[in-house]
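Okay, thanks everyone, I'll keep this short. Let me put the sequence and the structure up, and then we'll go through a few features.

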Amino acid sequence: MTRVAGDIDDGYWQGVPVGGFGAGTFSRTYRGDFARWHIKAGVHKYETVPANQFAMFQQSEGDVTGTARVLMNGHPAGGELSSWQWDYPVGAGDYYALYPKSWFDYKWDKFPAHVVLEQYSPILPDNYRESSYPVAVYRWHANNPTNKAVTVSVLLSWTNMAGWFRTFTRDFKGTPNQGNFNRFQTEAVSTDSSMKGIVFDRNRNGSGSNEWDGQFVIAALESKGVEVSYQTTFEAAGDGNAVWTSFAKDGRLANDGKSWVSDKEKLGGAIALRFTLQPGESKIIPMVVAWDFPVVEFGEGRKWNRRYTDFYGSDGQNAWKIARNGLLNAANWSNEIDKWQAPIIRDESKPLWYRGMLFNELYALTDGGTFWGRQQGASLKTEPSFALLECFDYAYYATLDVRFYASLPLLKFWPKVDMQVLREFADTVSKEWPEQGLWVWKSEQTGAPVTHKRKTRGAVPHDLGVPEGDPFVAVNEPGWQDTNGWKDLNSKFVLMVYRDYVLTGRTDLAFLRETWPAVKDAIEYLRKFDKGGGVPENSGYPDQTYDSWIVKGVSAYSGGLWLAALRAGEETARIIGDTRTAEEYHKLFLKGQKTYITQLWNGEYFRYDTNSESKDAIQADQLAGQWYANLTGLGDIVPHDMQISAMEKIYDFNVKKFGGGEMGAANGMNADGSIMTNEQGKEVWAGTTLGYAGLLMSEGMKDEAYATTHGLYRVIYESKGYWFRTPEAWDITGDFRAGMYLRPTAIWALEMTPPRRDNSAK
């Protein structure tokens, strides 16, 4: 459970989300209900919509009656859909997840045929088209293991939710239904098959001018031996007789095309696909849910068109076309996902739990309030903006100190997107936003309001804005800390630019040249905090990603990042032919390295800092700069023997002495091996633990890397049920803070950090 009042805590009823990058997402829990909705950009809603359901009918040849049941463990309160047969038995099946896929394996003894539901959206590597689609594919794998023919019918019902996604609240209270209507639609897609389904729409002023204007569609393919029937409209909050009486009788719906416009009642619609399996026969049959809400409108009123509108248009009336693509490409997309995942999933040299975790932690790339689109009126030649939320509790877009860890899989599988994000950051570095905002932390310390400039020239922004503001235009949203003085952001920006160049094959010189002015500005800005030793000093407040943990003087974390950034800047300068700057950065690196070692090395590890109360603490992230140096081939930032000693100290103290070594690496431990009292020092951060594990892996310390990572797995997937809402942090009890956090995607650090190269910087 969350240990922070007001943080989102939806419980462990979670499942794999569907939806493409920036398309909006939703998910069906493993108990069978559709409950989590991220359709409005940057907004989390968690509420079961009762009429959004799958149900199944089966009847063996010769039996007088069949069995029909809603495929959900539970039932709605208050008498909604009371005629439906609810409460699918607990334990009568299994749920599997390997993002972007999941499977519901139904094993109820009253269902003679064996049916597995495969669910996914076309999230495909290096694919910048289909990966943006707002479509969910549901493929029904049915097999008849009996010696009698079995008739199977699958029902998909849905609520007309057009108009519901317009508020920043976390539920659907007060959502309007006026003007909503459903219509049945059919289209021949080949000589022997047709697409049939329900379009959920609403009356609107113009075409797609508001973000809540749009459509949902549910659809299936009718072909030889597969019959699709439908109920165009029913009252979703009524008893549901119009659907269930017919479906429970023989697996068919009434083919009722009646439609009306809602006054205020919730409207539902349903389709059912019915087929008969002979003994031993198998079939795979797709259904889809598609949606088209093309407009994103952030809090200050600016409107954007989602990325997928490049391929479908932006009038909000294309859900049918999207659904059609889903049905016709269902098998191909499934195969492409399997082909992508197979080399890792089949690699038995890696632990099985780890192979699954690698993909399941990718869910945040689409489900994390993801935005991908262009301002309305912008040329299609301009690259669309892209950003992930830090999390829904801390709803900042593209939080830079966090994406330093979290963006690795984005770079690996969708490098063009990641490089565009860094271009957007580069464009802000030389700019200033002079407006004042409240510095909350400082105000709490002083007991009086303290303000700060939104963004100072030369400072790399903490973020690209917030959903309730004007993101991508008004960056560096004022808030908890004055991030203009943070000592990690500029270094991390420099390192990510160089990282993207190196890990995409060292060929994109245009990217390096385009970002080089911002890289130089970022380094120069940090130098003003250098008091003579060649290392920028922390300023006595939490001026880095650990934003409740005071740092003062030279520090292991920010100082190490600075040294690595100087090396990245030096190498970048050499690549683009700026010899003078390369030499300048090299000299500064050597000076800073000497100061760093002299002031922080205590013979076993690098101390937290030189002047704060935590100065002797053992910080798990003290070698973050060295991790990135190994990631990009920059060589030793500090002598190798010191690295190994510090890594072993972290493992012995932060990992093994915290939670019995089964919870990950605590951010900090006291020198005597006791747990710290600082609220962030005493936490495990999944993402920063994984950066450390990536460094372990690159040094050949594979057993330690997997043991450290397995501690995270144990908390997330075994002891606490944090799957598909992985938190930023947990304490010694396992209670969490900031669920659905972005940083845990850093698990790919273990895959992407290559073995160390012995090319120490001299």
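So, let's start with a helix pair: α12 passes α13 in a left-handed crossing, left-handed meaning that the near helix is turned anticlockwise from the far one by less than a right angle. Before I go on: this is a predicted model, where local features need pLDDT of at least 70, side-chain atom pairs count only at pLDDT 80 or more, and totals for chains, interfaces and linings use all residues. Numbering runs from 1 along each chain as its sequence is written, and side-chain values use heavy atoms, with hydrogens and water left out.

Back to the pair. Helix α12 is residues 509-527 and helix α13 is residues 556-576, and they pack at an angle of about 140° with their axes 10 Å apart. That makes α12 oblique to α13, since oblique is whatever is left after under 35 degrees (roughly parallel), over 145 (roughly antiparallel) and 65 to 115 (roughly perpendicular). In contact terms (heavy atoms within 4.5 Å), the α12 side includes L509, W516 and I523, and the α13 side includes W562, L566 and I576.

Next, the sheet. It's open, four strands, ordered β1-β2-β3-β4 with antiparallel pairing; pairing needs at least two DSSP bridges between the strands. β1 (17-18) and β4 (45-46) are at the edges with a single partner strand each, so one side of each has no neighbour in the sheet. Between β2 (25-28) and β3 (34-38) there are four bridges, and R28 has F34 as its bridge partner in β3.

Notes. Helix = DSSP H or I, 4+ residues; strand = E, 2+ residues; numbered from the N terminus. Axes fitted to C-alpha atoms, helices over the stretch in contact; angles between N-to-C directions.
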